[in-house]
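Welcome to a short tour of one protein model. Take a moment to look over the sequence and the picture, and then we will walk through a few places together.

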Amino acid sequence: MKIFLKRLNDAYHFETKNERGDIVHLDNKSEENPQGGSPMDLLLRGIAGCSSIDVVMILKKQKIELEDLQVEVDGFREDGAVPNVFKKIHLNFMLKGDLTPQKALRAVELSMDKYCSVAKMLEKAAEISYEVNVNGEAVK
């Protein structure tokens, strides 16, 4: 993997591009009009995306098609710490479709405990927890 970064203004707005040409903008969250996500914001987006890809893949292998999948991620940092890393990350998986709560929970567990590379990296620095909801009902 390779990422290219280019500064776009005289402040903190950057454009990043991968080898395929996909573009993601970065900025400093404290800017008045940020033009992209902060690097820490992108880490939370990364764990949400990585685990969601896993969950969809696991359920597809079981011939289960989801109507909807949403993930809400909360990252908690220690105020005033330098560096100000995440100490806790909590994910709330909200799945909708014709699937049992047990299958949904198992798919999320497999992702978070075994397959999601981003989660495995972040768990070295932060406590990661999650909950699962299926069709509006809490499973875990």
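In which strand is the place of Asn133? Asn133 sits in strand β6, which covers residues 127–134; helices (H or I, at least four residues) and strands (E, at least two) are DSSP runs, numbered from the N terminus.

Before going further, a word on how to read the numbers. This is a predicted model, in which local features need pLDDT of at least 70, side-chain atom pairs count only at pLDDT 80 or more, and totals for chains, interfaces and linings use all residues. Residues are numbered from 1 along each chain as its sequence is written, and side-chain values use heavy atoms, with hydrogens and water left out.

**Around Asn133**

Asn133 counts as buried because its relative accessible area is 13%. The scale behind that word is simple: buried means under 20% relative accessible area, exposed over 50%, and partly exposed in between (1.4 Å probe, protein chains only). The side chain of Asn133 comes to 3.4 Å from the backbone nitrogen of Ala138. That is a polar contact, meaning a pair of N or O atoms within 3.5 Å; within protein, one must be able to donate a hydrogen and the other to accept it, and residues adjacent in sequence count only if both atoms are side-chain atoms. Contacts in general are heavy atoms within 4.5 Å. Setting aside neighbours within four places in sequence, Asn133 is in contact with several residues, including Asn92, Phe93, Met94 and Leu95.

Asn135 lies in the loop between β6 and β7 (137–138). Its phi is near 50°, a positive value in a residue other than glycine. Asn135 is partly exposed, because its relative accessibility is 42%.

**Two domains**

How is the protein chain divided into domains? The assignment gives domain 1 (1–37) and domain 2 (39–138), with bounds that come from an automatic or database domain assignment. The contact between them takes 5 residues from domain 1 and 4 residues from domain 2. Taken over C-alpha atoms, the centres of the two domains are 25 Å apart.

Domain 1 and domain 2 bury about 300 Å² between them, with 72% of it on carbon and sulfur atoms. Buried area here is the accessible area (1.4 Å probe) that two parts lose on being put together, summed over both. On the side of domain 1 that touches domain 2 there are 2 nonpolar, 1 polar and 2 charged residues. In this sorting, Ala, Val, Leu, Ile, Met, Phe, Trp, Tyr, Cys and Pro count as nonpolar, Asp, Glu, Lys and Arg as charged, and the others, Gly among them, as polar. Across this interface the rule finds 0 salt bridges, and it also finds 0 residue pairs in polar contact (both at pLDDT 80 or more).

**A buried histidine**

Now look at His13, in the loop between β1 (3–7) and β2 (14–18). His13 is buried, because its relative accessible area is 11%. Its side chain makes a polar contact with the side chain of His25, at 2.8 Å. Not counting residues up to four places away in sequence, His13 also touches others, among them Lys6, Leu26 and Gln35.

**Salt bridges**

Side chains of opposite charge can pair when their charged atoms come close. A salt bridge here is a side-chain nitrogen of Lys or Arg within 4 Å of a carboxyl oxygen of Asp or Glu. The whole structure has 4 of them, including these:

| Pair | N to O distance |
|---|---|
| Arg20 and Asp22 | 2.5 Å |
| Arg45 and Asp41 | 2.6 Å |
| Lys60 and Glu65 | 3.2 Å |

Arg20 is exposed at 70% relative accessible area, whereas Asp22 is partly exposed at 38%. Arg45 and Asp41 both belong to helix α1 (residues 39–61), 4 residues apart, or about one turn of the helix. Arg45 is exposed at 54%, and Asp41 is partly exposed at 26%. For the remaining pair in the table, Lys60 is partly exposed at 44% and Glu65 is exposed at 54%.

**Backbone details**

Which residues does a cis peptide bond join? They are Val82 and Pro83, with omega about -5°. Pro83 is found in the loop between β4 (66–77) and β5 (86–97).

Lys63 is in the loop between α1 and β4. Although Lys63 is not a glycine, it has a positive phi of about 65°. Lys63 is exposed, with a relative accessible area of 75%.
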